[in-house]
There are 2 protein chains.
Amino acid sequence: MNDQAALRCCPAPNEAPDLQPVEGGQADAELAALAKAIAHPARVQIVRILVRKTSCVCGDIVDEMPLAQSTVSQHLKTLKEAGLIRGEIDGPRVCYCIEPRALRRLKALVGGL
Amino acid sequence: MNDQAALRCCPAPNEAPDLQPVEGGQADAELAALAKAIAHPARVQIVRILVRKTSCVCGDIVDEMPLAQSTVSQHLKTLKEAGLIRGEIDGPRVCYCIEPRALRRLKALVGGL
DNA sequence: GTCGTTCATCGTAGATACACGATTGGTTCC
DNA sequence: GGAACCAATCGTGTATCTACGATGAACGAC
C-alpha cells in the first residue's frame, strides 16, 4: 500500500486565479510576513528542497541540513505559520510540502515592487 | 542650480546583464539577506515609495510614515546595508533611491524558487 | 502491553530586531 | 561667528529570533 505516498499529501491544485492586490498597507504586511518566512538561509533551503521534490518527506529534510532536528522543526513551524508549506501526518512520519498558492503570492508581491 | 535635483542621485543605469546563479548555498544566503531587508512592513513601504517616485527625497519619507525620524533612519540603514537602496548627500538633505540592480536580483532569486 | 522510531514542544541562553527620545554631526543661511 | 535645519547615531527597554539538548506525544512493530 501507499506505493505512491509521495502523491498523497501535496496535490491540492487550487484553481482560483489569485486576484489580490499587490500594493497597499495590507499587501505591505503580507509581503513582509512572507519575506520574513524566507529571511533565513535554512528556510530558503527547506523551501528549495520541497519545491524540487514533488514528494514530501520530513526526516529527510533534517538529514540534508547541518542543524539539529529541533531546530529544523522550528523552521518548519515558521514556514507553516506563514502559510508557505503544509504538513500532513502520514503514519509515524509527517509529510511536508509546498503550498503553491502562497509561493505564487510571494512571487506576485515581489514582482509588484 | 539643481532645478532637477531629482535626477542627480538615482540614475546609474548599470548595464551589466545580471548573470548570477539563483540557487545553491550562496544564493540561499543572498536571498535570505534580501528577504530579511524587506521583512518589515515599514521597509516594504519605503521601497515602494522609492520605486514610485523616481526622485529621491528623504525627509518626505519620514513624513509619509507613522514612525519617529530615528526609526525611519534605522530602517533606511538596514535597506542600505542590504544594498537595496542608495543614499547621497545633497546639500542639507539626503537623497535616497532604489538600487535597481539589487531589486532585480531579488526578483530573480524569488522567481527562481 | 513494551519497545523503537518520528516529530513536536519545552526550557534555556545568547544574539538581533524594533521603537523611541536625546544627542551629535554636517550644511545652509544670516 | 551664530541659528536653524536635516539626518545619523547613541542609549535604552522590550520583544523576537536562533540554536541546542531534553522531554513528550503519537504511531507501528513485536
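Me: A salt bridge is a side-chain nitrogen of Lys or Arg within 4 Å of a carboxyl oxygen of Asp or Glu. How many salt bridges does the structure hold over all chains?

Reply: This is a predicted model, in which local features need pLDDT of at least 70, side-chain atom pairs count only at pLDDT 80 or more, and totals for chains, interfaces and linings use all residues; side-chain values use heavy atoms, without hydrogens and water. Residues are numbered from 1 along each chain as its sequence is written, and chains are lettered from A and ligands numbered from 1 in the order in which they are written. Over all chains, the number of salt bridges is 10.

Me: Which residue of chain B forms a salt bridge with A:Asp28?

Reply: Between chain B and chain A the count is two salt bridges. One of them joins A:Arg48 to B:Asp28, at 2.6 Å from N to O. In the salt bridge of A:Asp28, the closest N and O atoms are 2.6 Å apart, and the partner is B:Arg48.

Me: What is the area buried between chain B and chain A?

Reply: The contact (heavy atoms within 4.5 Å) takes 27 residues from chain B and 27 residues from chain A. In chain B, the residues that lose the most area to chain A are B:Asp28, B:Arg48 and B:Leu113, together 32% of what that side buries. Carbon and sulfur atoms give 65% of the buried area (accessible area, 1.4 Å probe, that two parts lose on being put together, summed over both), which is about 2200 Å².

Me: How is H3(B) oriented to H5(B), roughly parallel or roughly perpendicular?

Reply: Helices here are DSSP runs (H or I, at least four residues), numbered from the N terminus. The axes of H3(B) and H5(B), residues 69-81, lie 10 Å apart at an angle of about 75°, with axes fitted to C-alpha atoms over the stretch in contact and angles from 0 to 180 degrees between N-to-C directions. Because angles of 65 to 115 degrees count as roughly perpendicular, under 35 as roughly parallel, over 145 as roughly antiparallel and the rest as oblique, H3(B) is, relative to H5(B), roughly perpendicular.

Technical notes:
Helix = DSSP H or I, 4+ residues; strand = E, 2+ residues; numbered from the N terminus.
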